[in-house]
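Here are my comments for a colleague who is meeting this structure for the very first time. Please read them alongside the sequence and the model.

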Amino acid sequence: MTVNKTIIITGGFGSLGRAAAQTALEQGYGVVLVDRAEQLLGADFSDSPQVLICGGVDICDFAQAQSVVAKAQAQFGEVSALLNIAGGFHWANFDSDELDTWDRLYQMNVKTAVTASKAVLPVFLQHQRGSIVCVSAGAAVKGEAGIAAYAASKAGVSRFVESLAAELKDKGVRVNAVAPSIIDTQPNREAMPDADFSRWVSPAALAKVMLFLASDEASAVTGSILPVTGRV
């Protein structure tokens, strides 16, 4: 199947990934959903001919990331954009946490974005166009107690985005990131049951911002770390 534009979404089986897929479909994209989980559950679009499901993928493995890009091209043609949504969060006081946490969050938040971007970049450079949108965090600007490893990894995402954008700005490839506060997901609600959820950023709202950055409407925007904070 050939579509006019194709988007790859890592972390595609999670709340934000599914919201991004829904928004992308509404905008006419062919959508490639990539996730480490084996199966996509509870999504109405999973049988759509405009959606390619790639489960059981370790996106930190460069060969697996390249395979996803090849499958996307075979299914839909040229890849237009990459949303690096794969990632994770961990809260723990530094004095009681394990050092392995730092490696794990680096892998989840930084290396996933770096590897997926490295895999898709030759396609973008060949066509002299393409867009990469990553997920940083408000914590990348100012850390708080209990999130040292998370804040450091998201700061790494921001600096990666800024550096890659500068490298590619004359080659037709744009690189940006969103920096949300708290995303309104079920795990976050369970972790903070007394919070006012209406103040948080919904996955659907964040997805629309990411799709805007990926689109031609944001053709003048690269190297940005765009805060998406709701009312937090």
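**Notes on rings and sheet**

1. W200 counts as buried, at 9% relative accessibility, where buried means under 20% relative accessible area, exposed means over 50% and partly exposed lies in between, with a 1.4 Å probe and protein chains only. F197 counts as partly exposed, at 21% relative accessibility.

2. Before going further, please note that this is a predicted model, in which local features need pLDDT of at least 70 and side-chain atom pairs count only at pLDDT 80 or more, while totals for chains, interfaces and linings use all residues. Residues are numbered from 1 along each chain as its sequence is written, and side-chain values use heavy atoms, with hydrogens and water left out.

3. Rings of Phe, Tyr and Trp (for Trp, its six-membered ring) pair if their centres lie within 6.5 Å, and planes under 30 degrees apart count as stacked, over 60 as edge-to-face and the rest as tilted. The count by this rule is three aromatic pairs. In one of them, the ring centres of F89 and Y150 are 4.7 Å apart with the planes at 75°, so this pair is edge-to-face. It links distant parts of the chain, since F89 lies in the loop between β4 and α3 and Y150 in helix α4 (residues 148-168), 61 residues apart. F89 is partly exposed, with a relative accessible area of 48%, whereas Y150 counts as buried at 12%. The rings of F197 and W200 have their centres 5.1 Å apart and their planes at 55°, so that pair is tilted.

4. Helices (H or I, at least four residues) and strands (E, at least two) are DSSP runs, numbered from the N terminus, and two strands pair if DSSP finds at least two bridges between them. Seven strands form an open sheet with parallel pairing, in the order β3-β2-β1-β4-β5-β6-β7. Because β3 (51-54) and β7 (225-228) stand at the edges with a single partner strand each, one side of each is left without a neighbour in the sheet. The twist from one strand to the next averages 15°, with axes fitted to C-alpha atoms (for helices over the stretch in contact) and angles running from 0 to 180 degrees between N-to-C directions.

5. Strands β1 (residues 6-10) and β2 (residues 30-34) run parallel and are joined by five bridges; I7 has V31 in β2 as its bridge partner. Helix α1 (residues 15-26) packs on the sheet and touches β1, β2, β3, β4 (81-84) and β5 (130-135), its direction making about 170° with that of β2, where contact means heavy atoms within 4.5 Å.
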